[in-house]
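The sequence and the structure come first.

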Amino acid sequence: MTDVLLTHSYHLYFDRKQTRKMQPYPPLGTLYAAALLRDAGISVALFDTMLNDPEGGFQSALEEHRPRVVVVYEDSFNFLTKMCLTRMREVAYHILDLSRRAGAAVLVNGSDASDRAEDYLRMGFGCVLLGEGEWTLLEIVRHLLKGQMQALPRIPGLAFLDEKTGGFIRTAGRPPMRDLDLLSFPARDLIDVDQYRSAWKTAHGYFSMNIVASRGCPYHCNWCAKPIYGNSFAVRSASSVAEEMRRLKYDFGAEHLWFADDIFGLRARWVRDLAVEVEKLDAAVPFKMQSRVDLMTVDNVHALRRTGCAEVWMGAESGSQKILDAMDKGTRVEQIVKARENLRQEGIRACYFLQFGYPGETWQDIQKTVELVRDTRPDDIGVSVSYPLPGTEFFERVQAQLGEKTNWSDSEDLAMMFQGAYTNEFYRALHDALHALVDSPNSRKARIARRKHSVGDPDKLWKHVMRLEQTCRNSRPTVLGGLANEKLVQLQTASPAKSFDEILNILAS
C-alpha cells in the first residue's frame, strides 16, 4: 500500500493541436510535490497522465498502489494547464470518481481548481489546495495519514466543505515561497523517461526536457491569470539551476531544454551569474524560454547566449501601441523591434506570442500587427485570441457577456468568449494566414498547415482573410473605457488582391 498516489489531468492525446506538435514534457509541478513528500518520509507513487491514457490506466495504478490519498496535483508550469481546458477538467473528475470508489481521500491543486474551488468540492474532492501547494500538501497529508481531519481549519491555503453544514470554507492564505532552493529537484525517477525520449526522437530527432528557474511574474498585464503565484516572483540560485541543467544533460541525456518559467531573465545580474555557473559545469544545453521584449537588452541577450539559449518566446501581443496600453502590457512596439534585432545579432531565434480580439482592437490595429510580423520576420509565432480567465481585470470587464462556455475545450479551440470586432471564423483565418507568412514555404510545419486547410499557397489564405474582414464584422463589438467612442476603422477593398505581396502592401498601408 502506498501513502500517496499523485497524478494530474493533462493528457496530450485529448488536445488536437498538441498531439500534432508532439512536444510532451513531464509534469514538473507534480514531480516537485512528489519530491517534497518523499523527503518527509511519505511513500509516493505517480500516474503520469501526459502520455498514458487516464481512462483505463489510472484504474490500474489504483489497483497496483492501493493509495490512502490521491492527489490530482496539476503542473502549474505547463501553460496549457493554466488555460483551464474543459476536457482536462473532465479527466480530473474521472480520476476523482475512480479514487473515491477505491476508498481513497482525494485532494486537488491547480489553476482551474483554485479558480473554481467550490465547484470541485461539490463534485466530491475532499480539499482544494489553493495557489502554490507543496507545503500545504505536506501538512494536510501528514494529518490525513493520522486521521486528524479536525486539523483542516488550521492549515493555511485550503478550501473544503463543512462536514455538518456543507458550507464552503476557505482557510487563511499561505504566502508563496521565497527560497526555492529549499526544494529538492523534481522526482524525475517516477516518470518513464524513455517514453518521453521516444516521442521526441520520433517526432523531432532530438530529446527535450523541461526545467524551471523561477516562479511567478511581477508584471500586471490585465488579461493574465495568476491563480497560483499571484504577482509574486521568486528565483532559484544560479548555481542550483546550473547543477540541474548538468544533470539533465549528462544523467538523462537531454539534448534540448525548455525553461517553463512565466518570465525568464528578469534580473540581469542573475543571468550573468547563470552564464558563469553553466560554463563552470559544462552544463550548456540549447534551450528555449519565454520572457518580455523589454528584458532582451544587448547585455542580457549576450549572457543568455553563453548559457545555451537558442530560442526566446516573447509576449509581443500586438503591433498597435494603443492595444498594448489597453492591456497594461508596459512595453512599446519599438522594444519588440529592438528585441528581435538583439536576438538576431546573437543567433538566437526570436518568437512572438500574438493576441487578437482584445476589446477596442480595430482592423487598423490588426494591420499594424501584421506589418510588425512582416517587417521584423520572427522565427516563429503563436497566435491566439483574447481569452478571459477568472481573477483578471479583463475577465471582470467582459464577464457579463460570457455564456455557458467559459473555457476552451482544448488549446486549438481559439473561440471568442465575448463580442469581439469579428466572429470566430475571421480570427481563425487570420491565425492561418499569419502562420503562412512566418513559416518557410517548404517547412514541415507549412506543409501540414496547407494540407489541413486544403490550400495551395499563402495567397489563398490572405484572400480569404480579406473577404472575411467584411463579412464577419460584429455590429456591436466590445469596447473598453476610453476606447468607447472610437469608430471602428475597416479596410474596404475595391477589388481582390492578385498576389501575396499585394495583399501585404494593402495590409500595411
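Strand β13 (residues 309-317) is mostly covered, with eight of its nine residues buried. Buried means under 20% relative accessible area, exposed over 50%, partly exposed in between (1.4 Å probe, protein chains only). Helices (H or I, at least four residues) and strands (E, at least two) are DSSP runs, numbered from the N terminus. The model is predicted: local features need pLDDT of at least 70, side-chain atom pairs count only at pLDDT 80 or more, and totals for chains, interfaces and linings use all residues. Residues are numbered from 1 along each chain as its sequence is written, and side-chain values use heavy atoms, with hydrogens and water left out.

Strand β12 (residues 287-291) pairs with β13 in the parallel sense, over five bridges; pairing requires at least two DSSP bridges between two strands. F287 stands opposite C309 in β13. Strand β14 (residues 349-356) also pairs with β13 in the parallel sense, over five bridges. Here M314 has Y352 of β14 as its bridge partner.

## Nonpolar cores

A nonpolar core is a set of buried Ala, Val, Leu, Ile, Met, Phe, Trp, Tyr and Cys residues joined through side-chain atoms within 4.5 Å. The largest has 142 residues; L6, L107, L137, M296, F426 and L434 touch the most other members. Helix α17 (residues 424-438) gives this core its largest share, nine residues.

F426 touches W363, I366, V465, L468, E469 and C472, not counting residues up to four places away in sequence. Contact means heavy atoms within 4.5 Å. A second, separate core holds 25 residues, including V70, Y93, V108 and Y120.
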